[in-house]
Amino acid sequence: MKERELVIVGGGPAGMAAALAARAAGVRDVLLLERDQHLGGILNQCIHPGFGLHHFKEELTGPEYADRFVRLVREDPAIEVSLRSFVVKLTGARELSFLRPGALEEVKARAVILATGCRERTREMIAIPGSRPAGVFPAGLAQKMVNIEGWIPGREAVIVGSGDIGLIMARRMALEGVRVKAVVEIQKTSRGLVRNVVQCLEDFGIPLYFQHRVSMIHGRDRVEKVAVVKVDDDFKDLPGTGFEIACDTVLVSVGLIPENELLEMAGGEINRRTNTPVAPAVNLTSVPGIFACGNACKVYDLADSVTKDSELAGRLAAEYLGAAA
Ligand SMILES: Cc1cc2nc3c(=O)[nH]c(=O)nc-3n(C[C@H](O)[C@H](O)[C@H](O)COP(=O)(O)OP(=O)(O)OC[C@H]3O[C@@H](n4cnc5c(N)ncnc54)[C@H](O)[C@@H]3O)c2cc1C
């Protein structure tokens with residue numbers, strides 16, 4: 001099995017920042033594995049501005065923010081980038097297996113950084129009852145469809161959840177001519193940034209229903225309507241407050257789950273509630289020589305904070321490698 005000094009899994013902002021920081025701290029050999037065909041991670045589909053205000057003191061789009069790091073990574077001959085490389089196995093002894101087109105590769109690393117990001121919570125996870133028609137999408141998937149694949153998922157949409165992804169998708173759909181009929185939020189306030197509530201909903205006249213939930217999705221082949229009901233402070237339905245909204249699309253934006261299956265496979269301890277590594281400090285895991293950063297470590301609101309903390313992960317890995325040498 002080929003030996004490498006540092007292997008990083010995930011080429012989003014976290015993995016790239018960790019790679020650059022590890023190199024600056026003296027690591028001589030970095031292999032960066034990314035399952036997608038491009039570096040940049042989730043930023044590639046975030047074409048709205050709002051990135052880099054802290055790190056670059058500029059307002060960039062997601063792809064522009066990512067590109068600044070992609071260039072630096074590409075310029076460094078000691079960082080080998082392997083795209084379309086899906087890591088499917090990690091052991092506690094830091095042996096990795098990854099699938100590349102036409103090949104299964106194996107590598108042993110002296111240190112590993114997991115920068116695998118998050119996946120979206122789904123309709124099933126919040127148990128919205130009803131039939132199972134087409135037209136129900138996780139909001140981030142819809143964002144990828146619209147911004148990368150060039151598809152519009154529907155004509156009349158209701159959005160469940162008012163975090164930043166839900167808010168940004170409300171505006172994105174409206175800009176594409178979709179009639180966004182409502183954003184339905186079970187909490188009393190939005191978890192999203194105030195600027196996003198104003199710029200993504202108020203500026204577009206999109207109604208936001210706080211303390212309401214989608215209680216049923218109706219439709220045979222395609223979504224036809226949703227039932228909505230007001231809830232009390234204990235999230236119990238208030239009788240007589242129900243109403244229906246006709247729509248053909250429901251976007252579900254109800255949170256993210258850190259991707260830590262590889263760490264679990266390697267014997268790392270995982271907090272079952274948050275799916276994050278159990279460790280004494282950010283970027284550490286319970287397995288020596290395996291570090292985690294970015295959204296795999298905890299769900300961040302800002303890419304700038306991902307960059308900052310992931311640089312620390314790169315330095316921690318370098319320190320570990322220095323001490324182990
Ligand atoms: C819709 C949306 C809007 C946002 N808006 C803003 C904003 O306006 N401003 C802001 O600052 N932040 C924003 N953010 C947050 C920010 O984009 C994220 O916090 C940041 O991108 C997380 O970086 P990451 O590298 O940890 O994860 P990701 O960007 O998700 O990267 C993880 C990478 O790991 C790869 N990967 C996963 N598993 C494997 C595997 N087994 N093998 C190989 N590769 C693997 C994935 O393909 C992916 O490329 C937004 C996020 C979203 C989703």
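Here is a walk through the structure, from its domains to its ligand and then to its helix pairs.

A word on the model before we start. It is a predicted one, in which local features need pLDDT of at least 70, side-chain atom pairs count only at pLDDT 80 or more, and totals for chains, interfaces and linings use all residues. Residues are numbered from 1 along each chain as its sequence is written.

Let's begin with the overall layout. The protein is divided into domain 1 (2–119 + 256–324) and domain 2 (122–252), with bounds that come from an automatic or database domain assignment. Their C-alpha centres are 32 Å apart. Where the two meet, 5 residues of domain 1 are in contact with 6 residues of domain 2; contact here puts the C-beta atoms, placed from the backbone, within 7 Å. On the domain 1 side of that meeting, 1 residue is nonpolar, 3 are polar and 1 is charged. In this scheme Ala, Val, Leu, Ile, Met, Phe, Trp, Tyr, Cys and Pro count as nonpolar, Asp, Glu, Lys and Arg as charged, and the others, Gly among them, as polar.

Now turn to the ligand. Around it lie 35 residues, and the closest are Gly10, Gly12, Gly41, Gly117 and Gly294; a residue belongs here if its C-beta atom, placed from the backbone, lies within 6 Å of the molecule. Domain 1 and domain 2 each give at least three residues to this shell. By class, the shell holds 17 nonpolar, 12 polar and 6 charged residues. At least two shell residues come from each of α1 (13–24), β3 (49–51), β6 (86–90), α3 (139–149), α4 (164–175) and α7 (303–324). These labels follow DSSP runs numbered from the N terminus, with helices (H or I) of at least four residues and strands (E) of at least two.

Some of those helices also pack against others. Helix α1 comes within 10 Å of α2 (residues 62–75), axis to axis, and the two cross at roughly 40 degrees. Axes are lines fitted to C-alpha atoms, for helices over the stretch in contact, and angles run from 0 to 180 degrees between N-to-C directions. The pair α1 and α2 is therefore oblique, the term left over once angles under 35 degrees count as roughly parallel, over 145 as roughly antiparallel and 65 to 115 as roughly perpendicular. From α1, Pro13, Met16, Ala17, Ala19 and Leu20 take part, facing Ala66, Phe69, Val70, Leu72 and Val73 of α2. This contact has 10 nonpolar residues, with no polar and no charged ones.

Next comes α4, which has two partners to look at. With α3, the axes are 10 Å apart at an angle of about 35 degrees. Here Ala139, Gly140, Ala142, Gln143 and Val146 of α3 meet Ile165, Gly166, Met169 and Arg172 of α4, giving 5 nonpolar, 3 polar and 1 charged residues.

With α5 (residues 194–201), the α4 axis comes within 8 Å and crosses at roughly 20 degrees, so α4 and α5 are roughly parallel. Asp164, Leu167, Ile168, Ala170 and Arg171 of α4 meet Asn196, Val197, Cys200 and Leu201 of α5. That contact has 6 nonpolar, 1 polar and 2 charged residues.
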